[in-house]
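Dear colleague,

Please find below the structure that I am handing over to you.

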Amino acid sequence: MSDTYISEKIVYIGVDDRDIDLFESQYVVPEGVSYNSYLILDDKVAVMDTVDARKLDLWFENLKHALDGRTPDYLVVSHMEPDHGAGVKRLVEAYPDMKVVGNAKTFAMIGQFFDLDLAERAVTVKEGDALSLGAHTLNFYMAPMVHWPEVMVTYESSEKVLFSADGFGKFGALDAEEDWACEARRYYFNIVGKYGPQVQALLKKAAALEIAAICPLHGPILKENLEYYIEKYNIWSSYEPENQGILVAYASIHGHTREAALKLAKMLEEAGAEKVAVTDLTRDDMAEAVEDAFRYDRMVLAACTYDGGLFPPMEDFLHHLRAKSYQKRTIGLMENGSWAPQAAKQMRALAEAMKDVKVVEPVVSIKSALKEVNIPQMEALVKALV
């Protein structure tokens with residue numbers, strides 16, 4: 001299990017969710033997810049966010065155990081998305097003297113989710129404001145659109161801890177034995193990926209702080225090699241390729257496009273491509289396909305024509321990429337059509353609508369099944385990509 005110890009005065013009170021099947025009702029999470037929450041114990045006591053409604057009862061048990069008879073003075077709300085803000089109303093009602101800390105947009109959203117009168121209990125903060133708990137001081141920095149408009153992060157200056165909201169989060173429960181980067185990358189590009197400029201702005205703020213630990217709202221607490229995690233976020237949020245390599249993404253109906261795509265992948269490997277990854281857009285996890293598209297600097301799109309247009313799994317994939325601001329990449333095209341191939345035209349139009357995306361020539365055009373006549377085109381495409 002991930003180490004949840006922060007310090008004697010900053011205590012982890014979050015929960016794992018191993019029962020969830022789809023995070024945000026769309027992302028498969030085979031290793032579950034964690035909902036992180038923290039408690040700061042000082043002259044004043046601060047709760048740092050709540051958790052999803054699915055695990056509120058367990059979270060309240062953790063909270064009461066950590067309080068050990070004390071009463072929270074503040075609830076700091078960094079993000080009102082329901083996987084973190086579901087417990088706000090229950091906590092407010094349980095502790096009538098507790099104040100709620102957020103920015104102006106936070107309180108507008110609280111009012112949208114709950115019928116609560118916080119007029120006498122709201123502590124509205126803005127960029128650079130500080131709140132003393134005694135020996136600990138909370139400093140607030142706005143992080144709008146990382147990935148909701150009300151998001152803010154909190155820096156505790158005495159222990160140098162950054163409470164980073166959804167930043168630096170990942171899929172997977174804390175007891176999952178898995179590489180951080182893989183599921184953090186899938187999480188980032190699918191949930192935060194559209195907002196690269198906003199993440200860059202937050203990273204600039206963080207660069208001015210001396211940080212000993214990062215406490216995100218999902219995934220492990222980060223206490224070592226912080227430069228590694230920050231550099232990953234810098235690469236991801238600037239839309240630069242993380243690795244040199246080629247993703248071959250194919251959408252095949254009866255298997256002939258699949259056969260051609262796998263043949264091309266083998267040819268790319270034999271030509272010396274640094275890394276060749278392959279994804280079946282009709283069966284593989286779409287979120288992972290999106291992740292790999294951003295990870296590598298080149299991609300081949302292979303799809304067949306369907307109803308005079310583009311086979312829907314490929315169209316869906318390209319719409320996902322555009323929504324997440326896919327850019328700064330090179331793409332090759334392979335189409336299949338038995339009588340009126342249209343896939344390449346459609347894929348080109350969708351790809352060239354994205355920023356700084358270059359489509360290389362030639363387009364490999366197959367009629368029904370891969371034939372020897374297609375090999376020279378494939379060889380030329382390999383040469384253009386490797």
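The notes below set out what was found in the structure.

This is a predicted model, in which local features need pLDDT of at least 70 and side-chain atom pairs count only at pLDDT 80 or more, while totals for chains, interfaces and linings use all residues. Residues are numbered from 1 along each chain as its sequence is written, and side-chain values use heavy atoms, with hydrogens and water left out.

The protein chain has 386 residues, of which 58% count as buried (buried is under 20% relative accessible area, exposed over 50%, and partly exposed in between, with a 1.4 Å probe and protein chains only). Its C-alpha trace spans about 80 × 40 × 35 Å along the principal axes. The chain contains 12 helices and 22 strands (DSSP runs numbered from the N terminus, with helices being H or I of at least four residues and strands E of at least two).

An open sheet of mixed pairing is formed by 6 strands in the order E1-E6-E7-E8-E9-E10 (two strands pair if DSSP finds at least two bridges between them). Strands E1 (10–12) and E10 (122–124) stand at the edges with a single partner strand each, so one side of each has no neighbour in the sheet. From one strand to the next, the twist averages 25° (axes are lines fitted to C-alpha atoms, for helices over the stretch in contact, and angles run from 0 to 180 degrees between N-to-C directions). Strand E9 (residues 99–102) pairs with E10 in the parallel sense over 3 bridges, and Val100 stands opposite Ala122 in E10.

Two helices may be described with this sheet. Helix H1 (residues 56–67) packs on the sheet and touches E1, E6 (38–41) and E7 (45–48), its direction making about 15° with that of E6 (contact means heavy atoms within 4.5 Å). Helix H4 (residues 104–113) lies across E9 and E10 and runs at about 120° to E9.

As to the cysteines, the structure holds 0 disulfides (a disulfide is a pair of cysteine sulfur atoms within 2.5 Å). Cys182 is partly exposed, with a relative accessible area of 33%, whereas Cys215 is buried at 1%.

A colleague
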